[in-house]
Amino acid sequence: MVYLTRKIEFSAAHRYHNPDFSAEENRRIFGKCNYPNGHGHNYVLEVTVGGETDPATGMVLDLQELKDLLDREVMDRMDHRSLNHEVAELAGCIPTCENVAAVIWELLAPKIRRGKLARVRLWESPDLYVDCYGDGGGW
Amino acid sequence: MRLELTRRYAFAASHRLHSPRLSPAENQRIYGKCNNPYGHGHNYVAEVTVTGPLDPATGMIAHLGELDRFVARQVLEPFDHRNLNEDLPAFRDRVPTTENLCIEIFQRLQPFPGARLVRIRLEETGRNSFEYAGEPGGSQT
């Protein structure tokens, strides 16, 4: 098994707010992330696919194919968007790094045609990231 | 859906690698520059990884503010700008290698009440890093 990782960057806005909480609770729990008009990050996404190399090409999967998939599923959907208002898959949930990573996993996993999605690592800032392994045991 | 959250924390500290079980010549041979008598220091970066179910009300594994406060109290306040050999009882009779420091940090953070600690990855410099995830079965060294 060989693992291949592709890294992309996208910028997006978000705000943490749970309508079931009072204004005070939202402020206490989410802090600055609850400011009314939102804020944003430069997200860095590392997508890792594991598989056996194709003897004819020496590749796990075609990098161009992975790049196109990431453009279509992640960049077109999330880059320079509001995660709260413009990403249907996140509707009704708080766009934490955990939830965004899980949504990206769900979007990508069924569409990887060679190899298997092994890990989605989403950096929200240089000192915070979330790893998603789907339902697998990791690598 | 298995999710892990990792937060990076920086602290600076000095140490000296010297084992009382070894002769001066052996200490010098094994630890090299790290055995120089007055110690030296590093900018350490500790990556703290936790896991657990997402709280449906917040969408979070752990409340970051709670994790930050716990790490500050357990690790950053006692370690930052300290001499690991002199200021930390854990290293009175253990050499403060980054391996041992990684284990010490794991043990100090394992009681975090907000999520389950998975592992510590400790960077001693930009080129050296060490990881500790506890012992199989949950016991610790």
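Strand 5 of chain A, residues 128-132, pairs with strand 1 of chain B in the antiparallel sense, over five bridges. Pairing here requires at least two bridges found by DSSP between the two strands.

Before I go on, the provenance. This is a predicted model, in which local features need pLDDT of at least 70 and side-chain atom pairs count only at pLDDT 80 or more, while totals for chains, interfaces and linings use all residues. Residues are numbered from 1 along each chain as its sequence is written, and chains are lettered from A and ligands numbered from 1 in the order in which they are written.

Back to the interface. On the chain B side, 15 residues are in contact with 20 residues of chain A, where contact means C-beta atoms, placed from the backbone, within 7 Å. Which element of chain B gives the most to that side? Strand 1, residues 3-15, with six residues. By class, the chain B side has seven nonpolar, four polar and four charged residues. For the classes, Ala, Val, Leu, Ile, Met, Phe, Trp, Tyr, Cys and Pro are nonpolar, Asp, Glu, Lys and Arg are charged, and the others, Gly among them, are polar.

Now chain A by itself. Chain A has three helices and five strands, in the order β-α-β-α-β-α-β-β along the sequence. The C-alpha trace of chain A spans about 60 × 30 × 25 Å along its principal axes. Of its contacts between residues at least 6 apart in sequence, 67% join residues at least 24 apart.

Burial next. A residue is buried if 20 or more other C-beta atoms lie within 10 Å of its own, exposed if 12 or fewer, and partly exposed in between, again with C-beta atoms placed from the backbone. In chain A, 32% of the 139 residues are buried.

The largest nonpolar core has 56 residues, and A:Ala101, A:Ile104 and A:Leu122 touch the most other members. Helix 3 of chain A, residues 97-108, supplies the largest share of this core, eight residues. A core here is a set of buried Ala, Val, Leu, Ile, Met, Phe, Trp, Tyr and Cys residues joined through C-beta atoms within 7 Å. Leaving out residues up to four places away in sequence, A:Leu122 touches, among others, A:Cys97, A:Val100, A:Ala101 and A:Ile104.

A:Trp123 lies in strand 4 of chain A, residues 116-125. Why does A:Trp123 count as buried? Because A:Trp123 has 21 C-beta neighbours inside 10 Å. Beyond four places in sequence, A:Trp123 is in contact with A:Tyr43, A:Val44 and A:Tyr129. A:Val44 is 79 residues away from A:Trp123 in sequence, but their C-alpha atoms are 4.9 Å apart.

Last, chain B. There are four helices and five strands in chain B, running β-α-β-α-β-α-α-β-β from the N terminus. The C-alpha trace of chain B spans about 60 × 30 × 30 Å along its principal axes. Of the 141 residues in chain B, 26% are buried. Helix 1 of chain B, residues 24-31, lies largely in the open, because the number buried among its eight residues is zero. After helix 1 of chain B comes B:Gly32, with a positive phi near 60°.

How values were computed:
Contact = placed C-beta atoms within 7 Å. Helix = DSSP H or I, 4+ residues; strand = E, 2+ residues; numbered from the N terminus.
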